[in-house]
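Opening the notebook on this one.

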Amino acid sequence: MLNIMLTGVGGQGTVLAAKVLAQAAQEKGWHVRTAETIGMAQRGGSVVSHVRMGNEGEEVFAPLIAKGTADMIVAFEPAEGARVLPYLSRDGMLVTATTAIQPVTAALSPNPYRGAHIIKQLVGAFEAEPDRLVIVPDAALLKRVGNRKALNTVLLASAVSTGRLPLSVDDLRAAIQVCVKPAFVDLNLKAIDEAIF
Amino acid sequence: MTKKLLMGNEAMAHAALEAGVRVVAGYPGTPSSEIVETVARLHAAGKAHDVHVEWSTNEKAALEVLFGASLAGARGLFTCKQMGLNVASDALMSLNYVSVRGGLVLVVADDPGPISSQTEQDTRRFAAFAKVPVLDPATPEQAYAMVKEAFDLSERFHTPVIVRPTTRVDHASAFFDVQDETFALPAPEAGFERDVSTWIIFPRRAYEAHGEINERLPQMAHAFSTEAAFAQFNEVITACGDTPTFGIMAGGISAAYTREALRMVHQRAEAAGVDMPPYRFMQVGTPYPFPADAVAAFADGLGDVLVIEELDYVLEDALAAWAGRNRVSLTVHGKLTDEARDRGENDVDDIASRIERFLGLSGRIRLRLRESSEGESEQAGSPAPAVSPETLPVRPPVLCPGCPHRGAFYAVKQALRKTPAVMCGDIGCYTLGNAKPLEAIDTCLCMGAGITMAQGLSIVDPGKKAIAYVGDSTFFASGMTGLANAAYNGHDITVMVLDNATTAMTGSQPHPGTGITLMGDRNQPLSIEAVLTANGFTRVYHADPLDKDSSIVAVKAAVEFEGPSAVIFESPCIQLIKPKVPVVVNTEICTGCKKCITEIGCPAIAFDPSAQGMRSGDRGQAVIDAALCNGCDLCTQVCPFKAIVVPLSGSPAEGGQDA
């Protein structure tokens with residue numbers, strides 16, 4: 001069983017990213033289920049997408065990932081990655097974006113939330129096993145891609161290129177071409193190329 | 001046939017179309033909205049032939065439209081969220097007595113948690129109350145199969161049928177083979193046929209009909225146990241031996257969680273070298289009428305049964321009643337015995353530990369695992385990476401950057417200043433006006449209640465101005481009776497209509513005020529002003545919520561009037577329009593006073609304590625996130641120093657906001 005959790009803030013594109021992973025799993029002939037956060041939380045709240053794949057031929061019964069069983073967490077926002085760490089398995093990996101999104105509650109507080117603080121805490125949390133944490137310089141990569149909307153693809157490509165998942169960059173490319181509207185395929189393929197080098 | 005990744009809601013829409021549904025109607029509500037939207041999309045794409053699909057004004061209207069279609073012999077699909085059934089219940093209770101002709105299926109989506117709702121009510125209970133059968137899917141695949149079976153069941157027994165998915169079935173996805181094109185079943189050529197002894201509900205007919213209902217319910221219960229089409233939803237699995245005394249019964253998504261949890265318990269027991277006792281598992285996919293024969297087969301030889309379900313203890317009650325009636329000696333464990341969560345969502349981890357406890361395994365597994373790890377290095381016991389939750393920003397849902405509601409709330413607060421007032425909110429995005437720093441609403445109950453609650457408050461607490469906020473879709477869905485009541489009974493209230501030209505919270509659905517229908521027609525939009533005037537509101541003002549000063553003037557005028565008055569704030573939802581040029585902070589002017597943040601709380605405005613400028617010293621400065629800002633310009637009107645500006649290059653008239 002392969003469990004991948006995608007997390008971020010409403011509007012960042014986790015839903016499409018989950019679809020792309022599901023498509024890649026389907027191409028492999030694996031049973032797959034996904035679950036989304038849709039509704040009030042999409043208005044700037046924390047959102048989580050679950051992707052569960054029976055990569056050893058198992059049947060997937062439930063769509064949600066249990067605590068301590070995520071093989072990989074892909075965080076579109078660092079504090080959201082930190083928030084769902086209890087879901088990470090003992091040898092799971094966290095792939096996180098660096099750019100923080102400051103909620104209004106934090107802007108109102110005397111000590112506004114800074115992404116750098118969370119990244120520092122994450123580095124500390126993974127001190128014993130630093131290879132389980134991948135910090136993606138999303139701002140720089142997206143500048144090269146030329147469109148911030150490609151954040152989801154940049155993160156997926158970063159996650160796949162770690163080699164921790166039984167999915168290849170070519171699997172990702174193929175799935176993107178099925179799931180993304182034709183007008184945006186080239187942009188997303190470019191995002192993959194920028195993320196893996 | 002095409003293989004597609006479909007959400008449960010999309011799959012149910014396909015199922016209804018494949019079953020030949022002719023009329024589809026509902027009212028948006030999370031987590032149900034995507035069913036009607038999918039039908040509309042397939043219809044617009046020319047793939048769903050002969051179907052009529054609509055967003056009705058509210059749930060009651062939708063169900064009554066469908067009942068008319070049913071009497072003419074067509075198949076109909078109704079969709080809503082759990083509380084929507086409260087609105088439609090008047091129609092449902094009676095139409096079950098009248099009995100249906102064309103198959104009538106109600107998909108009512110429950111929301112354990114609740115994630116996007118006011119209550120955790122259980123539609124399975126509602127079904128039993130209404131004496132209507134209910135099917136309860138554990139997966140999107142079952143939801144798809146159940147919708148198809150529901151149409152046949154409905155026509156066979158002349159009964160409405162409820163299919164009750166929950167959020168995690170509605171919004172979970174799996175791959176489906178679906179038909180590329182569908183055709184509605186033609187209704188009988190004669191159409192509606194007059195039959196006064198059946199279609200008109202009089203007391204004598206109701207008495208007769210009640211007998212018919214009482215007769216068909218046990219027949220359906222029998223079918224649920226014995227016919228393969230339904231028995232597949234009441235599956236029994238025996239494991240770890242042939243003569244179990246332990247049973248586990250589950251319904252809905254909890255049945256899927258329980259199977260996952262059982263797999264986890266097996267793995268843990270195996271790792272610990274502990275034997276699992278024999279047990280039997282049953283999913284009850286047809287909770288009402290209770291499939292007694294299938295349950296009897298499940299319960300044979302059992303002494304204890306743990307029941308896992310969300311929301312109410314429906315299966316737990318039904319199982320205990322069945323055991324009592326049949327003198328079966330069975331101890332039923334569940335919510336009522338504090339052995340299952342009494343509310344909120346279930347999850348796999350929690351169910352697994354409850355099953356271990358129920359089967360008497362917890363202590364043994366923990367002991368064995370501890371013994372086996374003692375010999376190993378300390379490494380295995382090192383703590384998992386964690387970040388303490390207190391250091392993480394809380395992230396409640398908020399009004400979007402540029403949301404016109406923000407301007408309306410701000411204008412009302414500015415107009416009232418220290419005038420005592422009660423702000424009655426309602427259901428929609430604008431409920432989010434409760435949060436800091438706006439803190440603009442004081443109450444929220446149910447669709448349309450703000451307008452009428454304000455009237456009750458004005459009677460008893462006349463010292464406070466009674467203000468009611470209502471969105472445009474809610475206005476048409478449930479607001480109009482309250483307007484008439486205010487004028488008729490002479491209540492002094494002011495209604496703030498937040499008209500953003502869509503049903504925003506549920507994903508931008510059209511409504512009567514837009515004139516746009518799901519069939520692609522553009523009808524004359526209903527005028528909110530005309531409705532207010534017709535309902536006796538003699539003072540109606542218009543305002544652009546993103547124009548601060550004129551909005552404040554409009555609010556003052558309306559509030560000062562004694563008697564029912566209204567302000568219609570008109571500005572489209574940001575999801576409907578192209579963003580304008582993001583504003584910027586002039587770092588030479590910004591003093592770091594934070595007023596833009598503390599007054600309106602826009603998510604696009606953050607505070608950078610390390611930013612330095614001529615007038616801000618080391619206080620820090622406001623910063624605009626250009627990726628979030630959509631250029632609504634409200635903050636430029638709020639900043640006392642005019643430090644937030646529309647950049648010259650993108651603006652036709654900088655400073656024009658003052659005009």
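**Sheet and the helix across it**

I started with helix H14 (residues 348-358) of chain B, which lies across strands E12 (246-250), E14 (304-308) and E15 of chain B and runs at about 170° to E14(B). Angles here run from 0 to 180 degrees between N-to-C directions, with axes as lines fitted to C-alpha atoms, for helices over the stretch in contact. Helices (H or I, at least four residues) and strands (E, at least two) are DSSP runs numbered from the N terminus.

This is a predicted model, so noting the limits: local features need pLDDT of at least 70, side-chain atom pairs count only at pLDDT 80 or more, and totals for chains, interfaces and linings use all residues. Residues are numbered from 1 along each chain as its sequence is written, with chains lettered from A and ligands numbered from 1 in the order written.

Next I traced the sheet: five strands of chain B, open, in the order E11-E13-E12-E14-E15, with mixed pairing. Its edge strands are E11 (236-239) and E15 (331-333) of chain B, each pairing on one side only. Pairing takes at least two bridges found by DSSP. The twist averages 20° from one strand to the next. E11(B) and E13 (residues 279-283) of chain B run antiparallel, joined by four bridges, and there I found Ile237(B) partnered with Phe281(B).

Is H17(B) mostly covered or mostly open? I get nine of its twelve residues buried, i.e. with 20 or more other C-beta atoms within 10 Å of their own, C-beta atoms being placed from the backbone (exposed is 12 or fewer, partly exposed in between). Among the buried ones are Ile451(B), Met453(B) and Leu457(B). The cover includes strands E16 (421-424), E17 (465-471) and E18 (493-499) and helix H18 (472-489) of chain B.

I checked Met496(B): leaving out residues up to four places away in sequence, it touches residues including Ile467(B), Tyr469(B) and Phe569(B).

**Between the chains**

I looked up the contacts (C-beta atoms, placed from the backbone, within 7 Å): 44 residues of chain A meet 46 of chain B. H3(A) gives the largest share of chain A's side, five residues. E2(A) also pairs with strand E9 (residues 172-178) of chain B, antiparallel over two bridges, and Thr34(A) stands opposite Ser173(B) there.

Key: Two residues are in contact if their C-beta atoms, placed from the backbone, lie within 7 Å.
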